Amino acid sequence: MKSLLSIFLLLIVSGTLTSCKLKTSNEYVANDTISMKLNDFAPVELKTDISKLTAKEKQLIAILIEVADIMDEIFWMEAYGDKDTLIKKLRHDDEIRLINIHYGPWDRMAGNAPFFRETGPKPPGANFYPADMTIEEFEKLGDTRKTNLYTLIRRNEQAELTVIPYHQAFREKVQQASILLTKAAMYAEDPGLRRYLELRAKAFMDDDYRASDLAWMDMKTNTIDFVVGPIETYEDQLFGYKASHEAYLLVKDTLWSRRLNQCLTLLPALQQSLPVDNRYKLALPVKSSDLGVYDVIYYAGECKAGSKTIAINLPNDKYVQQVKGSRRVQLKNAIQAKFDNIMVPIAREILAPEHLPDLTFDAFFTNTMFHEIAHGLGPANTISGNGSIREALMEYHTTIEEGKADVVGVYLIDRLREIGKIELNTRESYTTFVAGIFRSIRFGASNAHGKANLIRYNYFMESGAISRDSLGFYHIHYEKTKEAVHKLSALLLKLQGDGNYQQAEELLKKYATISPLLKADLERISRKNVPVDICFEQGLAILGINK
Ligand SMILES: [Zn+2]
């Protein structure tokens, strides 16, 4: 009865669709309805145990959320442009929810395909550059600040390219953020946090973040952390030069943080264990003073766009890394939310049943942690005199770096197991790692993490580490997976050390592709309505904090 009724309703609906135009303000390019696109994101409440927070910390959180909201507004301008004009064109709350998740009218989970017919393609340089700018034109521009992380490229009245620093381009907003951060500093009980917030307030006014990055690394005893500012360059898919604004508001998990820091004493030995010639590992492993586990209670800007970041490795400033090391931050509540809502249902759909008992949150959390540790290992710069790895590999850098971090992370877990420092067994580690490939591929081929996982999927298929049976279930061949992890780690580390742009391009061309079988698997997961990612319900009310 129910199915007959559904068919009947379907006929009515499809009849309506063919006989008249959609009554919405916008027509969809894809067949997916808005609600299906929204179902890709499982809503998760961002919470933490607030009973351990002091009254001042709760007030501090309220102010920092205001700053985060400003980062969100700035990121909208970087990714798209004028948000309000776009929203005025939309009639449905669901359309608004959708473009809020994607920060624009393009589907970040589907290669930035436009949601609406009248929307043109997304400019690769987002809104950091004029949409009509040619690469030749950019190359001719004499201003050396044009490749700076913290500048926009615009046209002046004569239509010539001109460089505008962020603190001028977003003057009003960064001033407001700066005032709020100064106010927040007064509520910070931890001296390290206070100093960091004060310096960050200053940095927004002149785009010099180094002093505040150094202060962030000096912060050791804080319970609250606030990662804020223009940080990652993923959004600039034209050159990878421009940093996007974002914010994470974090509450430390003291017990886990202490436990994980014990791993850091092993870094020099881990660097030496990498499967490449000595000349690729001459660099001292990036000195790491800190490995933190946090609950994230608020996301804003770049880190909230499309697929959500669940681990952070900062600062990006190489100078600060050399002097103070870097901090790896694991967002444990977000990781658990992704594992429960996405990883487990995907694995049930895609892995042969005998592998399912080996899919564990412990393994997922450990793999994620070692992904971050692996970011700090390998060559620090190219050994071929091509400058930094980022400069040499340009737009392929983030994909290669993320791919390296994934695979070298698991490689390191293998080494630590061999010397008895980690209890996690091989089956758990690899099973969870392989299931993770399918989770990440769904981020889409426009995303560095998505591309990195496509490369690994195809590489693992080619090397026989995984195989697909006629029913579409994947089997993991643990010995071959071990070999493939080893070989792919070596390949990516060497590629980075050589700074070989050509090889990076060929690697992506060969492996970052979706085969018809893989496409069918992804569609099978979609039909099961497994969410692609999570989205957040966040704020003071969710946390249970009164304003
Ligand atoms: Zn990473």
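How many Å separate the centres of domain 1 and domain 2, taken over C-alpha atoms? The answer is 24 Å.

## The model and its domains

This is a predicted model, in which local features need pLDDT of at least 70 and side-chain atom pairs count only at pLDDT 80 or more, while totals for chains, interfaces and linings use all residues. Residues are numbered from 1 along each chain as its sequence is written, and side-chain values use heavy atoms, with hydrogens and water left out.

The chain splits into domain 1, running over 29–333, and domain 2, covering 350–530; those bounds come from an automatic or database domain assignment. Domain 1 puts 35 residues into the contact and domain 2 puts in 39, with contact meaning heavy atoms within 4.5 Å.

## Where the domains meet

As for salt bridges, the count between domain 1 and domain 2 is zero (a side-chain nitrogen of Lys or Arg within 4 Å of a carboxyl oxygen of Asp or Glu would qualify). Polar contacts do turn up: eight residue pairs, both residues at pLDDT 80 or more, span the interface. Such a contact is a pair of N or O atoms within 3.5 Å; within protein, one must be able to donate a hydrogen and the other to accept it, and residues adjacent in sequence count only if both atoms are side-chain atoms.

On domain 1's side, the elements giving two or more residues are α11 (254–261), α12 (267–272), β8 (288–301), β9 (311–314) and β10 (326–331). Helices (H or I, at least four residues) and strands (E, at least two) are DSSP runs, numbered from the N terminus.

## The zinc site

H371 (NE2), H375 (NE2) and E402 (OE) are the protein donors of the zinc ion, sitting 2.1 to 2.2 Å from it. Donors are N, O and S atoms within 2.8 Å of the metal (3.2 Å for Na, K and Ca); water is not among the atoms, so sites may look incomplete.

Along the chain, the donors read H-x3-H-x26-E. Both H371 and H375 belong to helix α15 (residues 361–375), four residues apart, or about one turn of the helix.

The L314 to P315 peptide bond is cis, with omega near -5 degrees, and P315 falls in the loop between β9 and α13 (318–324). Y103, a residue other than glycine, has a positive phi near 50 degrees; look for Y103 in the loop between α5 (93–102) and β2 (106–107).
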